[in-house]
Amino acid sequence: MSKQKKFILEENEIPTQWYNILADMPNKPLPPLHPGTRQPLGWEDLAHIFPTECCKQELNTTDRFIDIPDEVLEKYKYYRSTPLVRAYALEKALGTPAHIYFKNESTNPLGSHKINSALPQCYYAKQEGTTNVTTETGAGQWGAALSYAASVFGLEAAVYQVKISMQQKPYRSSIMRTFGATVEGSPSMSTRAGKDIITKNPQHMGSLGTAISEAVELATTTPNCKYTLGSVLNHVALHQTIIGLEAEKQMAKAGEYPDTVIACFGGGSNFGGIAFPFMRHNILDGKKTEFIAAEPESCPKLTRGKFEYDFGDEAGYTPLLPMYTLGHDFKPANIHAGGLRYHGAGMIVSQLIKDGLMHGVDIPQLETFEAGVLFARTEGIIPAPESSHAIAATIREALKCKETGEEKVILFNLSGHGLIDMTAYDQYINGDLQNYQVTDEDIAKNKIGV
Ligand SMILES: *Cc1c(COP(=O)(O)O)cnc(C)c1O
């Protein structure tokens, strides 16, 4: 009998609630602070920027499960559940006794996990009478997901895309425009923040930090316009827990439970999405699963950043957030994993690292492409350069099992496909890509906090 490869849920098995790890954390994250007064912020202080329901979710430390609105569930069912897949061919190529599973979040039409949070954010914005939404996007996956979700719920979307990735991935802008969004390269001359950044550094190719500053400025200076964020914040990770809650049921169908859970790490949303539902069993039931967040060697906030209050954006418009950070004006190298070029980590994940519930690994760019190409040749899916960080970390763990003979069960999240990143694959195959190490001096010269 052939071995079962894919595990899928029936429509009525799709979870109807998200999991809120804030309710179960042994130590809650420190509160976000007002940069001027240094006083903790309440949800009311954030409601001029974000949809109100998202602000409430952001600071909700009491409700373990939060209902997914029916209208969002209905849209989730266009593409969920996503498959849980046993990577037999990858296991064989590695000669590992480990059982490798991946949750395939690349199967929706937008091609990444980002849509899981774009839908609820636009739904909540629409519910409270908002007409416009704005956001930043790095590699373009978030902008694409938001543009689609905005069109689903009848909102106008304006997206600031990091300039370098606009050049590297022009088709992502085309996708956003096809869904009806306006797209602007950041830093741009259309905001005060953008003008200031360009004046100081005319060659600035943009970062998530610059694009966030511009989008926040647009939201706060335009009536009926709310800002949305594709990562970092607690409510974004909350929406992504649909990934791990499904995976939990699917792993049960496979008759296994993960010893190791791995995801790539930009701001923490796909990591939190797959990890938190399993981590709750470490916190509450004494399970011993290991959680690994894979970040680029060129942007190593988890492994080499400082745990401090810092701004979420380059211009310093956001509240001060307690997080692992490389400094809000850190300029990461122009690696192809655009979604991982962010200077900080989410508040929840930062606290979890402090408390030893998870850890980070940093991976050189060439190792990620080597892993991505092996995955493509074995499993037939070309991964996003971001996701290849998770694959590379998985391969490291699987090779350790080969040495020790351990039959560990490893689960990783395939956060997206790489079909719009083929320029990057071409460059890798032609030998034109390189690694970017960051020196301690590079890190030390950046600004943390006010
Ligand atoms: C945005 C993105 C990431 C990184 O963001 P997280 O919030 O850390 O998940 C990873 N993979 C893909 C495919 C992305 O689009």
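**Close-up views: ligand site and open sheet**

View 1. A polar backbone atom of Gly 266 lies 2.6 Å from an oxygen atom of the ligand. A nitrogen atom of the ligand is 2.7 Å from a polar side-chain atom of Ser 415. Of the 380 Å² of accessible area that the ligand has on its own, the protein covers 98% (Shrake-Rupley method, 1.4 Å probe). A polar contact is a pair of N or O atoms within 3.5 Å. This is a predicted model, in which local features need pLDDT of at least 70, side-chain atom pairs count only at pLDDT 80 or more, and totals for chains, interfaces and linings use all residues. Residues are numbered from 1 along each chain as its sequence is written, and side-chain values use heavy atoms, with hydrogens and water left out.

**View 2. The shell around the ligand.** The ligand is surrounded by 18 residues (a heavy atom within 4 Å); Lys 114, Ser 231, Gly 266, Asn 270 and Ser 415 are the closest. The shell comprises 12 polar, four nonpolar and two charged residues, with Gly counted as polar.

**View 3. The open sheet and its edge at β1.** Seven strands (DSSP E runs of at least two residues) form an open sheet of mixed pairing, ordered β1-β4-β5-β15-β10-β11-β14. β1 (6–7) and β14 (359–363) each have a single partner strand, so one side of each lacks a neighbour in the sheet. β1 pairs with β4 (residues 84–86) in the antiparallel sense over two bridges (pairing requires at least two DSSP bridges). Phe 7 has Leu 84 as its bridge partner in β4.

Definitions and conventions. A polar contact is a pair of N or O atoms within 3.5 Å; within protein, one must be able to donate a hydrogen and the other to accept it, and residues adjacent in sequence count only if both atoms are side-chain atoms. Helices (H or I, at least four residues) and strands (E, at least two) are DSSP runs, numbered from the N terminus.
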